[in-house]
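Q: I have a new structure to look at, and I would like to learn how to read it. Could you walk me through it, feature by feature?

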Amino acid sequence: MEAAVTELDIQRLNDRFAIPSIAQIVPGNGGLPKVKISSAAASAEIYLHGAHLTSWIPAGAEEVIFLSDKAQFQDGKAIRGGVPVCFPWFNAKADDPKAPSHGFVRTKTWELESIIHEGNAIAVALSTQHDQATQKWWPHDFHAVHKITIGSDLKLELSVTNTGAARFNFQEALHTYYRVGDVRQVRLSSLDGVTYLDNADNLREKVQQGDNIFTQRTDNAYINTESELELSDPQLRRRILIGKQNSKNTVVWNPGDELARGMADLGDEEWQHFVCVEAANIRSAAITLEPGEEHTMTANIRLAELH
Ligand SMILES: O=P(O)(O)OC[C@H]1O[C@@H](O)[C@H](O)[C@@H](O)[C@@H]1O
């Protein structure tokens with residue numbers, strides 16, 4: 001268990017990192033510290049727990065990121081919604097069913113490294129690394145930095161360095177929950193003709209035909225696709241454009257009605273109001289790092305008007 005964060009800890013973080021009237025560290029839900037940003041370009045919230053972005057509102061727009069009303073904010077639990085960082089494995093760990101789903105960094109408190117101006121945007125960098133608890137699950141030395149740049153666009157950059165003496169292999173995902181008006185009305189384009197593994201159908205290999213529409217549970221891992229994605233939302237009258245670099249897979253997930261009802265940290269109807277579109281490197285696209293090597297995966301997100 002990690003020690004509870006005190007008012008003094010929060011004060012110390014503010015003394016080092018706050019930018020007056022733009023970025024402060026405040027106690028968030030469950031008392032967990034979060035960075036609250038409010039600039040002319042956008043507002044946002046980032047928890048140190050998991051380096052987890054839970055809100056991004058570009059100026060003049062509505063909230064882009066979905067956060068469950070029933071999300072749990074506590075040590076050892078992953079926040080439902082926002083942008084969980086999945087590392088060093090995705091979903092269940094292949095050789096250990098007891099290991100936490102999507103790896104251990106989304107349930108770990110990250111260190112705040114910096115909050116700086118970058119043009120009109122504010123860049124927040126957080127880091128984490130191996131410790132006794134992570135080595136119980138995965139016996140490797142690593143250092144990870146998640147840099148989140150909040151502006152009229154949102155940039156997410158996850159960098160992993162091998163700080164040990166032996167090569168390792170890892171999977172990763174920026175598991176972004178996009179807020180939508182009604183998931184049954186949205187369309188995700190750019191995956192037409194791309195091969196995917198259908199996790200809702202025993203990982204059967206299929207080929208996407210046309211746009212994705214969400215009429216039922218969807219859990220697809222698209223293979224070898226690096227193109228920009230476009231999520232059109234007629235109800236919120238906007239498109240979300242998702243570009244990515246150094247990400248060979250796109251995972252598209254919505255639990256649908258039945259699964260959602262079994263999830264303690266998601267309201268029964270909330271599945272209708274999000275879809276996850278994830279920049280990822282998983283399965284055969286897992287990354288190998290030699291000692292000293294670094295890998296960065298990036299997602300760039302912006303809003304546009306409907307066509
Ligand atoms: O409930 P979790 O561990 O946050 O995972 C949610 C979902 O995350 C998705 O990325 C996976 O493709 C799904 O299979 C999984 O159910």
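Q: Leaving out residues up to four places away in sequence, which residues does Glu 278 touch?
A: Keep in mind that this is a predicted model. Here Glu 278 touches Ala 173, Leu 174, His 175 and Thr 176, and also Thr 250 and Val 251, when residues up to four places away in sequence are not counted. Glu 278 itself is found in strand S21.

Q: Is Glu 278 buried or exposed?
A: To read this, count the C-beta atoms around the residue; 20 or more others within 10 Å make a residue buried. Glu 278 has 26 C-beta neighbours inside 10 Å, so it counts as buried.

Q: Where is the place of His 175, and what is it in contact with?
A: His 175 sits in the loop between strand S11 (172-174) and strand S12 (177-179). Setting aside neighbours within four places in sequence, its contacts are Val 83, Pro 84, Cys 86, His 102, Cys 276 and Glu 278. His 175 counts as buried because it has 23 C-beta neighbours inside 10 Å.

Q: Which residues are around the ligand?
A: The shell here is made of Ala 78, Asn 91, Ser 101, His 102, His 175, Asn 199, Asp 219, Val 251, Trp 253, Cys 276 and Glu 278. Strand S20 (249-254) and S21 are the elements that give two or more residues to this shell. By class, the shell has four nonpolar, five polar and two charged residues.

Q: How many residues does the largest nonpolar core have, and which have the most contacts inside it?
A: The largest nonpolar core has 76 residues, and Tyr 178, Val 275 and Val 277 are those with the most contacts inside it. Strand S21 (residues 274-281) gives the largest share of this core, six residues. Take Val 275 as a case: beyond four places in sequence, it touches Tyr 178, Val 180, Val 183, Val 186, Phe 214 and Asn 254.

Q: What do the side chains do in a regular strand?
A: They alternate between the two faces of the sheet.

Q: Which strands pair with S7, and how many bridges join them?
A: Strand S6 (residues 111-118) runs antiparallel to S7 and is joined to it by seven bridges. S6 and S7 form a hairpin with two residues between them, and Gly 119 in the turn has a positive phi of about 60°. S7 also pairs with strand S8 (residues 142-150), in the antiparallel sense over eight bridges. There, Val 124 has Ile 148 as its bridge partner in S8.

Q: Which residues other than glycine have a positive phi?
A: Ser 190 has a phi near 95°, and Leu 203 has a positive phi of about 60°. Ser 190 is in the loop between strand S13 (187-189) and strand S14 (195-198). Leu 203 is in the loop between S14 and strand S15 (204-207). Leu 203 is exposed because 12 other C-beta atoms lie within 10 Å, whereas Ser 190, with 19 C-beta neighbours inside 10 Å, counts as partly exposed.

Q: Which peptide bond is cis?
A: For this, look at omega. The bond from Phe 87 to Pro 88 is cis, with omega near 0°. Pro 88 is in the loop between S5 and S6.

Methods: Residues are numbered from 1 along each chain as its sequence is written. This is a predicted model: local features need pLDDT of at least 70, side-chain atom pairs count only at pLDDT 80 or more; totals for chains, interfaces and linings use all residues. A nonpolar core is a set of buried Ala, Val, Leu, Ile, Met, Phe, Trp, Tyr and Cys residues joined through C-beta atoms within 7 Å. Helices (H or I, at least four residues) and strands (E, at least two) are DSSP runs, numbered from the N terminus. Two residues are in contact if their C-beta atoms, placed from the backbone, lie within 7 Å. Two strands pair if DSSP finds at least two bridges between them. A residue is near a molecule or strand if its C-beta atom, placed from the backbone, lies within 6 Å of it. Ala, Val, Leu, Ile, Met, Phe, Trp, Tyr, Cys and Pro count as nonpolar, Asp, Glu, Lys and Arg as charged, and the others, Gly among them, as polar.
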